[in-house]
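Good morning, colleagues. Please bring the model up on your screens, and I shall go through a few of its features in turn.

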Amino acid sequence: MTQLRRSALILLHVLLLALPALAAAAAPAHAAPAKSCRPDQLKSATVKAGAEFKHRGTDNSMLRSTMDITVPADWEYASDLLLDAHSPDHRFALRCLVGKAPKEALDEDESHLKPLTVQAVGKHVLIHYEAVAWVFWVTPYRVGPWLLSPVNGEWRIRLLPPRNIAGARWEEVHLRLGGPGALSASPPPEFGQGGTVLTWRDKQPAQPVDVVFRLPSAQHWNAVTASIDQAWELWGPWGASGAAWYVVTGVLLLVTGKRIRRGLKGKPLPQETYALRTLRSWALLMLFFGLLVNLGDNAYRVAVRDMLPPGRTYEPTLGLHTLVLLGFVLCVFGGMRKRLLVAVGFFSLVLVGLSVASEVLELPLVPSSDVVMPVRWHWVGSVLYTAAIALCCLGLIASGERVVLMGEKRLPTWGMAFAATAAALVATLWAYVAVSRTWEQASWLFDPGGAQYEEEWSVWLSYEWWWLPGGSLDPLLAVAYVIASLALVGVLRVCRAEEFEKGSFTPNKSEQFLLISLLGITSASDVWYFGFSGYLLELPLALVAAWGVVAIGSRISVLGKLSADDTPLGSVISRSDRSEVLRLARYFRELQSRLHRLSTGTASEPSAAQQAIEAEIDRLDRALPEGVRPADLPFACGPMATWWENACRGALISCFVGLPATGLMYWIETVRSESWVFITQNPVGFLWIISTILSWHVTWVMGGFILGALWRSLPGRHGPTKACWVRRCLRSPRHGEPHHRPGDRAERDGSRRGRRDVRLRHDFHRLRHGRADLPGRSPLLGDQRQPRGVRLPDAHRLGGLLPGTDRRARHDLEGLQGRRPLRPDARPVGPGHAHGSKRGPDGQIGEAATRVHSGSGRPGRVRPSAVQWSIRAR
């Protein structure tokens, strides 16, 4: 018994000795005291704070906050400010200065275009801190020490001094509104200008600044129509205005298809029926997905408004299902093989099933609204989302091939699959990098070694990846809009009348309507007026401008002028006459060159040779309609035999010319400006880059195609004039824009250069055909600008005008100039008897002259100053 008592006392003694050690091990957090920011040491610090708004030239107002803090070097944590930006001590010191607790250190509103700078100068440490935010929605924004919040249609900005430096000396606080002036300000500003610049100076401690003002109407409504909690959001860019882009384009495609069908003569051929059906199917697809993507979320919010608790939504999950549906439908439309379609359908069902299981069973299979996906399992969701995006890219490539080639298969399946997979892999990698960049921006004050950092990063990554499929729909649909213009070209390629009617020198009425629609779709941009789409205004302007140009050109173009039998000159010149037209132009140029050489250094009285050449020139002039000279015909016909070949050549030239123009435009408008910040921080930024570049490049190609197709119908005699009309049509919708983006000037310059190069190549192609017979090119170009005189009816056959059909007359002209001995029966031909009574070997010149005089009803008049104009122009 005694022994038992002794053992119990020993055990109790051991427990009493071990209790302090166990208590210390159980509560290690209380061993070290928490850090204090020591605000008492910051009372000698100085602060300068400012806020500046930028409205001009941007769709959304930008707020820039600047802070210059000078802290004394004897502050306990001043040396920590000089450490690396990722150092925990450095971030703790910054949290002390900006007044944020560790749980409040996540900044989701502001971005940093410039890094924070720290510099030690003497006994002080200088900190320069800039932050910016764009007012995209009607919601509060915390930017630096400023809080911007909406109040009953107005905006209120307040200065909230950080608590640790509120007792410091605030040397200056300034506010630049950059637009409408302040409605109220508290405390009253000490300095200011025009109600838009307000300044307060030398305040210690700091006084909270409170200013109420209004944003400019355009920027305010852009924010209102993009905010989900606003009634106008239904009609904004993510609602009806966004859907209008696709709905109006789809309706225009349907109308164009009906016009083409009515323009066909007789029963359509099988390939024509297939092309029209393909165009109609693509138009219906644009209508369906345009409404589903832009208005589907609005319908969802109305349907589940009273079924879900506040803050709970399944919109990203529906976005994933829509992305899967889009990819499957595009693959079916593109005519993929049955085995591949079965595989695509099976994968689509599996992905949708995994998404539903993640939401219902709360399993971390893919990112969902209920479960945060662990970082170590993030690769699973990445692989699945990459495959979904690859399916959409594959469907877009296959659909583009179908609408352009109208059923012909020229691209191998493995090549399309490789391109789609590569694009999806790059898009996924871009998304991960963009999410990491936004996390670095938001967590710049977090302790990187703490447990909260890893937890917040996991939540951030899972949330951003959850919204990735829904965000991919907009750039992918933008590519579908680009394919709409290719569908019109594919239909025109199959259903054009020129392929069967040899006398079709220009597009007929239905084909002109298609080209006008193509120009409208290509030129109308996605500009926004006060938050609403301007497409409904720009498209009619483009269509009216193009129709006006075509209507004017049909009357005043060279080939549109009426000949003697009241038929357009273009219908008189058949395809077989194209070589004869070139010969006539070379002969006309040769006559003018000879006349120029004879007129140099001669007496005032013209010689017999000059009179003969003048008479021949006037004869050629009278044989064509008023205002048309023989050298105008090759330029008016274009470099190729038919208008379709001219269109294809213009598209080919523009395809290569547009590459540097697109690169330059994208650099100036996106990379060099502040828009690059959004692109690099946007998870779907790579898809937006692809859709934007494709849109611009297709614009150049379609511009060259339209220029070539309408070359014979456009006003003007030369390529520069014709290209100017097309450029005006392409630019006409943009004349009504409320403001211009930074890249608009680059777009205009690139457009001008692209079409200028096309028309110069067309003109020089014409000259190259006659290079052997043309001593110089510039006189021929200069001759086109000479004024024209009286109208004389033309001969409806060009054969009688060509030098090859009257070798005797040409021999006589060369003899008058001393190049050949004069024939015995040759005699000078003067203005009074321009054609003489002699007939050529085939008699065609005399017959042509008889038709010219007899068809006019009045004697032909020769303009004496015509040759003088020709000499004066040189």
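I begin at the surface, where Val356, Val360, Leu361, Leu363 and Leu365 form a nonpolar patch with about 420 Å² of accessible area together. Such a patch takes residues with over 30% relative accessible area and no salt bridge, joining like charges within 9 Å and nonpolar side chains (Val, Leu, Ile, Met, Phe, Trp, Tyr) within 5 Å. A salt bridge here is a side-chain nitrogen of Lys or Arg within 4 Å of a carboxyl oxygen of Asp or Glu. Areas come from the Shrake-Rupley method with a 1.4 Å probe, and for residues only the protein chains shown count as cover.

This is a predicted model: local features need pLDDT of at least 70 and side-chain atom pairs count only at pLDDT 80 or more, while totals for chains, interfaces and linings use all residues. Residues are numbered from 1 along each chain as its sequence is written, and side-chain values use heavy atoms, leaving out hydrogens and water.

Leu361 counts as exposed because its relative accessibility is 54%, where exposed means over 50%, buried under 20%, and partly exposed in between (1.4 Å probe, protein chains only).

Is Gln219, in contrast, buried or exposed? Gln219 is buried, at 6% relative accessibility, and belongs to helix H3, residues 217–224. Its side chain reaches the backbone oxygen of His55 at 2.9 Å. Setting aside residues up to four places away in sequence, Gln219 touches His55, Thr58, Asp59, Asn60 and Ser61, contact meaning heavy atoms within 4.5 Å.

The largest nonpolar core has 99 residues, of which Leu253, Trp282, Val491, Cys495 and Phe705 touch the most other members. The largest share of this core, 17 residues, comes from helix H11, residues 468–495. A core is a set of buried Ala, Val, Leu, Ile, Met, Phe, Trp, Tyr and Cys residues joined through side-chain atoms within 4.5 Å. A second, separate core of 52 residues includes Ala51, Ala168, Ala206 and Leu215.

Finally, the whole protein. The secondary structure comes to 26 helices and 14 strands, and buried residues make up 50% of the 874 residues. Among contacts between residues at least 6 apart in sequence, 73% join residues at least 24 apart.

Key: Helix = DSSP H or I, 4+ residues; strand = E, 2+ residues; numbered from the N terminus. Polar contact = N/O pair within 3.5 Å; in protein donor to acceptor, adjacent residues only side chain to side chain.
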